[in-house]
Amino acid sequence: MSAHAAAPPPGARPDWTVPQGWDRYTAAEHQVWVTLYERQAALLPGRACDPFLKGLDALDLHRAGIPDFARINEELMRLTGWTVVAVPGLVPDEVFFDHLANRRFPAGQFIRRPEQLDYLQEPDIFHDVFGHVPMLTDPVFADYMQAYGRGGQRAVGLGRLENLARLYWYTVEFGLMETPKGLRIYGAGIVSSRSESIFALDDPSPNRLGFDLERVMRTPYRIDDFQQVYFVIPSLQHLLDVTVNTDFAPLYGRLARAADVPIAAVEPSDKVFTRGTQAYAEAGGRTGKAA
Ligand code: HBI
Ligand code: FE
């Protein structure tokens with residue numbers, strides 16, 4: 001991502017938002033949403049965490065088709081003061097952080113094509129709205145996302161964005177949490193993917209390690225395939241408290257001098273839930289090419 005905000009694309013406002021244009025979605029696009037929604041809704045009870053499932057219901061996302069942001073924003077604003085805004089796709093980091101810092105979640109306006117059901121690189125409306133938005137109905141997670149946005153604005157200034165992006169990746173996108181009934185998913189990248197909703201909890205391949213802020217910020221991540229490590233938080237409150245109570249200046253100082261942790265490594269200080277085999281990654285993962 002460029003460090004200086006590029007100009008927004010034609011038709012977008014200076015903050016990169018665009019009208020959702022809900023009444024312009026075609027029946028085929030609504031059908032893609034329904035297909036994806038029904039697959040995940042059948043799979044996630046017992047896998048997704050309670051705040052996610054509650055948020056899905058609260059926002060009534062099981063309507064038959066792509067949700068109208070104007071409709072879900074009434075309830076979302078009432079619950080936690082967040083609104084979903086439409087953007088054409090990925091936006092520059094500091095634009096992204098500014099939205100989060102102001103409790104606006106930028107969601108892709110487009111939906112994937114039927115032949116892309118199982119995987120796409122750029123976040124579409126299903127990844128963003130089905131994956132991310134239900135968690136924003138939880139007051140603690142809503143505070144965490146705003147704190148992340150504020151932290152992102154600082155990290156850009158301090159040149160520590162890569163470390164902070166890892167925190168987002170291993171929590172907001174691919175986070176697991178401990179519950180009395182076992183590990184549950186809260187990360188949007190997992191919960192919006194049928195295959196990773198299964199892999200992240202059941203597969204013996206990845207490591208599953210206790211969340212530690214500095215450890216996460218030193219750990220690279222995969223953007224092209226399932227994660228080789230998932231980090232487990234004891235609660236959303238813990239994630240918020242750690243983020244809000246950490247003085248990031250000395251932490252960034254240590255990170256500037258610390259080497260990355262190899263992605264598949266298990267460190268002596270790690271709390272180990274699963275010591276993974278890494279068999280999936282070593283067998284070449286999704287594309288059959290070795291990691
Ligand atoms: N833009 N629309 C959008 N969605 C994202 O998730 C996103 C982004 N821009 C930057 C970004 N994510 C990441 O680089 C930050 O998490 C660091
Ligand atoms: Fe995402």
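1. Two strands pair if DSSP finds at least two bridges between them. The model discussed here is predicted. In it, strand E3 (residues 176–179) runs antiparallel to strand E4 (residues 182–185), and the two are joined by four bridges. Glu-178 has Leu-183 in E4 as its bridge partner. Two residues lie between E3 and E4, which form a hairpin.

2. E3 also pairs with strand E6 (residues 229–233), here in the parallel sense and over two bridges. Leu-176 has its bridge partner in E6, namely Val-232.

3. Helix H4 (residues 93–101) packs against helix H6 (residues 139–158) at an angle of about 145°, the axes being 7 Å apart. Their crossing is left-handed. On the H4 side the contact involves Phe-97, Asp-98, Leu-100 and Ala-101; the H6 residues they meet include Met-145, Tyr-148, Arg-150 and Val-156. Of the residues in this contact, six are nonpolar, four polar and two charged.

4. There are 19 aromatic pairs in the structure. One of them, Tyr-37 with Phe-130, is edge-to-face, with 5.5 Å centre to centre and 90° between the planes. Tyr-37 belongs to helix H1 (residues 27–43) and Phe-130 to helix H5 (residues 125–132), 93 residues apart, and the pair links distant parts of the chain. Both Tyr-37 and Phe-130 are buried. Ring pairs also join Tyr-37 and Phe-130 with Trp-33, Phe-52 and Phe-126 in a cluster.

5. Phe-226 and Tyr-280 form a stacked pair, because their ring centres are 5.0 Å apart and their planes are at 25°, and planes under 30 degrees apart count as stacked. Phe-226 lies in the loop between helix H10 (213–217) and E6, whereas Tyr-280 is in helix H13 (residues 279–282). Phe-226 is buried, its relative accessible area being 13%.

How values were computed
Residues are numbered from 1 along each chain as its sequence is written. Chains are lettered from A and ligands numbered from 1 in the order in which they are written. This is a predicted model: local features need pLDDT of at least 70, side-chain atom pairs count only at pLDDT 80 or more; totals for chains, interfaces and linings use all residues. Side-chain values use heavy atoms; hydrogens and water are left out. Axes are lines fitted to C-alpha atoms, for helices over the stretch in contact, and angles run from 0 to 180 degrees between N-to-C directions. A crossing is left-handed if the near helix is turned anticlockwise from the far one by less than a right angle, and right-handed if clockwise. Contact means heavy atoms within 4.5 Å. Ala, Val, Leu, Ile, Met, Phe, Trp, Tyr, Cys and Pro count as nonpolar, Asp, Glu, Lys and Arg as charged, and the others, Gly among them, as polar. Rings of Phe, Tyr and Trp (its six-membered ring) pair if their centres lie within 6.5 Å; planes under 30 degrees apart count as stacked, over 60 as edge-to-face and the rest as tilted. Buried means under 20% relative accessible area, exposed over 50%, partly exposed in between (1.4 Å probe, protein chains only).
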